[in-house]
Each structure stands twice: as C-alpha cells, then as structure tokens.
Amino acid sequence: MMPPVISGWETMIGKLCFAVAALSLLLLSCGQKEETADSLLKEKDVEFVRETLGEMEKDVRLVLAVSARDCEFCSLTEGFLGDIAGLAPRVTLETFDLGKEPARAEALGIDKAPGIAVIGEQDFGIRYYGLPSGYEFIAFIGTIRHVANGDPGLLPETEEALAAVEKPV
C-alpha cells in the first residue's frame, strides 16, 4: 500500500524559494542608495543594466505570468522587471494572469507564477520562475542580451555537440 500523497509540498517549497530569493535581494540592497524609493535595483545594478542592455539593436519582450491567487511575489517580480524595462529602451514587459489566460500560458509553456518568458525575434524557450535576483540577476540580464542578439554565445564545437543530441533533455 502506497503512503498518502502529501498535498501542498510543491507549493510550500516554491513559496520558500521565492521568499529566500526576495530576502536575499532585500538584504543585498540594505544600506545602498536606490534609483527610486520603490526600486529593488541598487545604483551598481542600474549601471550594469544600462551598460549591458542599452545598446541592444533588437527588441526583447519579458512576458510575465502572474496569478491573482497564491502568488506572494508576483507584484514584486512585476515591479522588478518593470524597473529593468524602464532602463533598457528595447526591452518591454507584458503581464498576464495564468487563471484568466490559460491558453496563453500553455502556448508559452508556463505553469507557475511568477513565470517569465524571455522572447526576442524568436522564442528560444527560455523561462525563469520566481524573482531573478541575487546570483540569477546577472545571468538574467545576460540572457536578455543573448536573446536580443539571437546568439547564445556558444563555441562552434558546443553548437555541433548540441546539434547531435537527438532526444529532448
């Protein structure tokens, strides 16, 4: 006989991960002058975003899936992404509710909130879940830049090896 499935563990773990990410970002921001009173970005982060994304030649959309229920960090993530989009002229933010637009969520392959699709001229299937803060912040900004360029920045040997992969990983 199988033990009963404990419901809600995934939800609890997800909330814990989001809380840790938000707390780490807030702790990193302590004592730093911020761009605006409501911004989570420190001055050095603002400079990094402007330098990295300011010269992009192609547009990138950040498509954020939120949920009106059980999403403690959706509004925080939306504000954070809005700050990034406000600093980079070629980056736009689109927000939709998972519950109200399930077909859009399915088309994007997003099943949790907050979920972020990073889409340029082409959708490479890059998705982030939660607030991209802390160590993820630099990778997230780099991802936006790579998507804008349409180039993942891989060595030719790596691209050849990946092309040889026949099964989904």
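## What covers helix H5

The buried residues of helix H5 are covered by, among others, helix H2 (43-53), E1, helix H3 (74-87), E2, E3 and E4. Buried means under 20% relative accessible area, exposed over 50%, and partly exposed in between, with a 1.4 Å probe and protein chains only. Contact means heavy atoms within 4.5 Å. Helices (H or I, at least four residues) and strands (E, at least two) are DSSP runs, numbered from the N terminus.

This is a predicted model: local features need pLDDT of at least 70, side-chain atom pairs count only at pLDDT 80 or more, and totals for chains, interfaces and linings use all residues. Residues are numbered from 1 along each chain as its sequence is written, and side-chain values use heavy atoms, with hydrogens and water left out.

## Chain overview

The chain has six helices and four strands. From the N terminus on, its elements run α-α-β-α-β-α-β-β-α-α. Buried residues make up 34% of the 169 residues in the chain. Take the contacts between residues at least 6 apart in sequence: 66% of them join residues at least 24 apart.

## The sheet

Four strands form an open sheet in the order E2-E1-E3-E4. Its pairing is mixed. Two strands pair if DSSP finds at least two bridges between them. Strand E2 (91-97) and strand E4 (127-129) are the edges, each pairing on one side only. From one strand to the next, the twist averages 20°. Axes are lines fitted to C-alpha atoms, for helices over the stretch in contact, and angles run from 0 to 180 degrees between N-to-C directions.

E1 and E2 run parallel, joined by seven bridges. Leu62 has Leu93 as its bridge partner in E2. Strand E1 (residues 60-66) and strand E3 (residues 115-119) run antiparallel, with five bridges between them. Here Val63 partners Ala117 of E3, and Ala65 partners Gly115 of E3. E3 and E4 also run antiparallel, joined by three bridges. Ile116 stands opposite Tyr128 in E4.

## Burial in E1 and E3

E1 is mostly covered, with six of its seven residues buried. In E3, five of its five residues are buried. Gly115, Ala117 and Ile119 point one way from E3. Ile116 and Val118 point the other way. All of these are buried.

## Helix H5 against the sheet

Helix H5 (residues 135-149) packs on the sheet and touches E1, E2, E3 and E4. Its direction makes about 35° with that of E3. H5 has 15 residues and reaches 22 Å from its first C-alpha to its last. That is close to the 21 Å expected at 1.5 Å a residue. The expected span is 1.5 Å times one less than the number of residues.

Phe137, Phe140, Ile141, Thr143, Ile144, Val147 and Ala148 of H5 are buried. They cover an arc of only 150° around the axis, so they lie on the same side of H5. The arc is that of the directions from the helix axis to the C-beta atoms. An α-helix has 3.6 residues a turn, so residues three or four places apart point the same way. On the other side of H5, Tyr135 and Ile138 are exposed.

The C-alpha atoms of Gly150 and Gln122 are separated by 7.7 Å. The two residues are 28 apart along the chain.

Gln122 is found in the loop between E3 and E4. Its relative accessibility is 46%, so Gln122 counts as partly exposed.

## The disulfide

A search of the whole structure finds one disulfide. The cut-off is a pair of cysteine sulfur atoms within 2.5 Å. Cys71 and Cys74 form the bond, with their sulfur atoms 1.7 Å apart. A disulfide is a covalent bond between the sulfur atoms of two cysteines.

The torsion about the S-S bond of Cys71 and Cys74 is about 90°, so the disulfide is right-handed. Cys71 counts as buried because its relative accessibility is 17%. Cys74 counts as buried too, at 5% relative accessibility.
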